[in-house]
Amino acid sequence: MGSSYFYLEFLLAWITILREAGWRNPAIFALEYTLVPDEKYPTQLDQTVAGYDHVCHIIKNPSRICLAGDSAGATLQLSLLLHLSKSSHSGKRLPGFATLISPWATLVTPKNRNTPSDYLNADSLHLYGRQYAGTATNLKEPLVSPGMCKDREWWMRASPLEGFCFMYGSEEVFGPEVRDLIALLRRSGCAVRVREEPGQVHAWPVVSLFLAETQAERTKGLRDLTKMISQAINPEYELIDGV
């Protein structure tokens, strides 16, 4: 599911819902990054930074950008924010908002455990995480595994101008680590909006769009995300959604 082409229906539906919510001309930039085992860190982060720089070159005003991603894509968005915050000009480059669906916060941790409901497997995920990191040392590196960053000041510097939005399922493998990261961000002083959906699994807004029975159920996650984005960024401005 790593290809942006897999998400095409999801992204087109999101464009429609953004317009219905009052956004005049929303645009989505979808990054096609290289998957493991073809490449490992830092290739994917370098590609993410290059994609963000490309969008900033077009938009000029990063405050109009909303980062978005699910699962490993959300991990790369967190890594991007930590990377951007290391620059002396970070305040001028940070996006307006970040929407994170079921982020893989910490690549390898005993807190990533199988649940009766979720379709993810913790052992397989840890294998992929080690392939991405390349070395055991890199697994402790925040730019590789953002949940390893416990530095509150670094997170505060990395926060988008209007903060974060997290959306995840209560039954998913990544749930404990996502909750820990949310708590850390709040202790750091970051603005954080959260939607933990009861009984749902990993990346449920994406899963629901493809598998739910009714139109309302299919688009519930996207409408919830759009509502939180609209609360953070004025819909009167054009929006660039970086996925």
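**Reading the aromatic rings**

Author: Tryptophan 14 has a relative accessible area of 2% and is therefore buried, where buried means under 20% relative accessible area, exposed over 50%, and partly exposed in between, with a 1.4 Å probe and protein chains only. This is a predicted model, in which local features need pLDDT of at least 70, side-chain atom pairs count only at pLDDT 80 or more, and totals for chains, interfaces and linings use all residues. Residues are numbered from 1 along each chain as its sequence is written, and side-chain values use heavy atoms, with hydrogens and water left out.

Reader: Which parts of the model do tryptophan 104 and phenylalanine 174 lie in?
Author: Rings of Phe, Tyr and Trp (its six-membered ring) pair if their centres lie within 6.5 Å, and planes under 30 degrees apart count as stacked, over 60 as edge-to-face and the rest as tilted. Tryptophan 104 and phenylalanine 174 are a stacked pair, with 5.6 Å centre to centre and 15 degrees between the planes. Tryptophan 104 belongs to the loop between β3 (97-101) and α5 (122-133) and phenylalanine 174 to the loop between β4 (164-169) and α7 (175-187), so this pair ties together parts 70 residues apart in sequence. Helices (H or I, at least four residues) and strands (E, at least two) are DSSP runs, numbered from the N terminus. Tryptophan 104 counts as buried at 8% relative accessibility, and phenylalanine 174 is buried with a relative accessible area of 1%.

Reader: How many aromatic pairs does the rule give?
Author: The count comes to six aromatic pairs. Among them, phenylalanine 10 and tryptophan 14 are edge-to-face, 5.8 Å centre to centre with 70 degrees between the planes.

Reader: Where do phenylalanine 10 and tryptophan 14 lie?
Author: An α-helix has 3.6 residues a turn, so residues three or four places apart point the same way. Here phenylalanine 10 and tryptophan 14 are both in helix α1, four residues apart, about one turn of the helix. Phenylalanine 10 is buried, at 3% relative accessibility, and the other buried residues of α1 include Leu11, Ala13 and Ile15.

Reader: What span should helix α1 have?
Author: The expected span is 1.5 Å times one less than the number of residues. For the 13 residues of α1 (residues 8-20) this should be 18 Å, and the end C-alpha atoms are 19 Å apart, which agrees. Just after α1, glycine 22 has a positive phi of about 110 degrees.
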